[in-house]
Amino acid sequence: MGEGRAFGLQRDALVRQPGRYGPSRRAALSLLTDEWLDALFQAAAAGATDLCLVAVGGYGRQELAPGSDIDLLLLHRGTAAQVAPIADRIWYPIWDAGIALDHSVRTLAEARRLASVDIKVVLGLLDARVVAGDGTLAVQLTQAVFADWRAMAVKRLPVLRELVEHRKAGYGELACLLEPDLKEAYGGLRDANVLRAIAASWVTDTPHSNWPESNALLLDVRDALHSVTGKSSDRLMLQEQDGVASALGITTADELLRQVYTASRAIAFASDTTWHRVDRLTKGPNRLSRRQVNRRGLERVPLADGVVVQSGEVLLAGQARPAADPTLVVRAAAAAAQAGLPLAPITLARLSAESEPLSTPWPPPAREAVVSLLGAGVHLVHSWEALDQAGIIESLIPGWSIVRSAPQRNAVHRFTVDRHLVETAVQASAFTRDVHRPDLLLIGALLHDIGKTRPGDHSEVGAAIADELARRMGFPDADVQVIVDLVRYHLLLIDTATRRDLDDPATVDYVTARIGKPETLDLLHALTQADALATGPAAWSRWRADLVADLVRRVRAQLAGDPAPVEPELSDVQQVALASTGVWVTLADADDGYQLTVAAPDQLGLLSTVAGVLALHRLQVRAARVLTANERAVQVWTVHPMYGDPPSAQEIAARLRLALANTFDVGAQVRDRAAAYASTGQIERAAPRVDIRTDTSARATAMEVRAHDEPGLLYRITGAISDAEVAITGAKVLTLGSEAVDIFFLVDSRGGPLSADLAEGVRGRVLAAVTAG
């Protein structure tokens, strides 16, 4: 008993010793414990053979914290009756020292058998280390355990995955908690141990990133927490954070949380990446052997220019050169997010090391790619985090590091500042069908709280930052002003609706004085909802939603009456096209890709046929206008090839002539191409929307279609219109990021607006065609 108390005093003296926390202190504590336990073993065993004392778990890894329990296995070749007295002579002094003990006594066969059925046991034994006695026993056990773990990994890793998900659901994400459990929360110490276990299975390697250093930081914080509190709890409570920060030499509790969150994110991202690979290789009836993986890994499916899918991950194509293609970094991230697939670690490494900075202002393709990335819904989170972990986000958005991992000491908020911005963009993607400019909504969502963690009113500070960033991204002045207004007034609607009398005319005047256009009002309404939903359940309710909607309705009524935009005059090319005969096609460079002008005799289904031909040539439509005069139709398309160079005007014209002569089945080819695209990945998206608008034209019925842009979408829409025997007299097709916002002007067989019944029938056909895709 005296020896136990003596060890306890030595242990306490080491724990309280001033100086830096780190691996050397943990190693010293482990060594002190080893020496004491070795003495206990030698005294208890009294020359016994075929017996050894093994440290497992955290003690096996030499990661003892001041409040850690000791995990020990007494391994033997004898009988339980022979070993029990020896075990008691070892365990009781440990209990007398006041140290928590997790102990077991087993033969080699017993330990191996239990490890084969209990995941927690095998995880502990993977870190086994001999403390005293016959080391050959421990070597035999660890060799057997590692061999069994590798042989059964395909079956056992999915079980471990379920345990991880269950723990995540119970403890939450460490980087999103004001009082995180450093060990059990997702992205904590437990997940670092799981990563080592996966690596030991040889199923896949873990990312070669900084997650081990992040694990070390969390260990330091836990050591300080135990020392400051004198307790063994791993939960970093609010009231302990100042003391822990001081013990670690960190200036403030906020900075402590920021460092903890940053470390946790590195572990969580490594875990996400590793589990994606494990799931692909081990789950379901289609899991692959390593030989099959190697063979199938040669298959590459194009996803975007310079970007391919291989083995469930997004890689750079063989000819891709990040140094010569600055937009590749955002194009690859957008393609990955839109496909719901991760960027491969090697891809991130190359993009980080080789990419040149984007020019200022950004070229339009870079801006479009970022908008596409932001509009990817829930898959934005992983792609954005991938870029952030690779150090790319700060180069795209200077100053992002100021909000990165910044805690929000408000129980209403679920996330750090930067994660909240990303989550707001995720929520905003569900409202892109409801606003005229989804691109501005998504950028506004990303930047609305960018002013936080800086001195001053974060809305005003953020507005100034948003002005600079929007111009850097290449938005024109008018769009910059809208983005600035969204950031400056992102709290206007919710604050006004919940704090002012909506029946007082001055309330509506207050809002209209700041928001002068119905379009900006709609954007702000969508941002308000997205912001609240991303904040947390307490920030949004039916009551709040109804109040905001009522305010928006009143403000919109007061703002009603804006004039419709004036159609631009015909260009020289369009005038030549109208004067041409037969099928006439020309292709010219444009700021954002290429301008394609097509002229042909006007006929039912012409727009659909041209859209199909463009889809077959892998030309992404960014915008389109349709004009008709004197039985002649002129279509002006802004297009961009998915990859490589565009086809020639002659190639497009030749295929179009065949299609118009019914000697080439455009529809069958488009359907085959769309099916191949769908096979690269499916993610949940906001439902498409088709509306009949009565406020746009008195001469025709306007139909607006909003949907996720994909190969063949425009062909399906226009084909459905043609099938209803309705003519398209004009169209405005616009693609913003990955969102299609298309308006079609329709007339019936007599050349007049559609009846209500006919319009509803066409709407139903188009909605069915879009949804079916």
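Arg-706 is buried in this predicted model, with a relative accessible area of 4%, and the side chain of Arg-706 meets that of Glu-704 in a salt bridge with an N to O distance of 3.1 Å. Glu-704 is likewise assigned to the buried class, at 11% relative accessibility, because buried here means under 20% relative accessible area.

A second pair, Arg-277 and Glu-313, is joined by a salt bridge at 2.6 Å, again from N to O. Arg-277 belongs to helix α12 (residues 253–282) whereas Glu-313 belongs to strand β7 (residues 313–316), so this pair ties together parts that are 36 residues apart in sequence. Glu-313 has 6% relative accessibility and therefore counts as buried.

Elsewhere, salt bridges with shared partners link Arg-265, Glu-385, Asp-388, Arg-404 and Asp-418 into one network.

| Salt bridge | N to O distance |
|---|---|
| Arg-277 and Glu-313 | 2.6 Å |
| Glu-704 and Arg-706 | 3.1 Å |

Under the distance rule applied, the count comes to 41 salt bridges. In general, side chains of opposite charge can pair when their charged atoms come close. As for the charges as a whole, the protein carries 79 positive and 93 negative ones, and the mean positions of these two sets are 4 Å apart.

Thr-424 is found in helix α20 (residues 417–428), and at 0% relative accessibility Thr-424 counts as buried. When neighbours within four places in sequence are left aside, the residues in contact with Thr-424 are Ala-445, His-448, Leu-527, Ala-530, Asp-531 and Ala-534.

Turning to the overall fold, the protein has 33 helices and 15 strands, and its C-alpha atoms fill a box of roughly 110 × 65 × 45 Å along the principal axes. Among contacts between residues at least 6 apart in sequence, 69% join residues that are at least 24 apart.

Confidence in the prediction should be read alongside these values. The mean pLDDT of the protein is 89, and 94% of its residues reach 70 or more. For residues 288–297, however, pLDDT stays under 50, and the model has 12 contacts beyond four places in sequence for this stretch. Residues 562–568 also have pLDDT below 50, and that stretch has six contacts in the model beyond near neighbours in sequence.

Key:
Residues numbered from 1 in each chain as written. Predicted model: local features only at pLDDT ≥ 70, side-chain atom pairs only at ≥ 80, totals over all residues. Heavy atoms only, no water. Salt bridge = Lys/Arg side-chain N within 4 Å of Asp/Glu carboxyl O. Helix = DSSP H or I, 4+ residues; strand = E, 2+ residues; numbered from the N terminus. Buried < 20%, exposed > 50% of the residue type's maximum accessible area, 1.4 Å probe, protein only. Contact = heavy atoms within 4.5 Å. Lys, Arg positive; Asp, Glu negative; His and termini not counted. Charge placed at Lys NZ, Arg CZ, Asp CG, Glu CD. pLDDT = per-residue confidence, 0-100.
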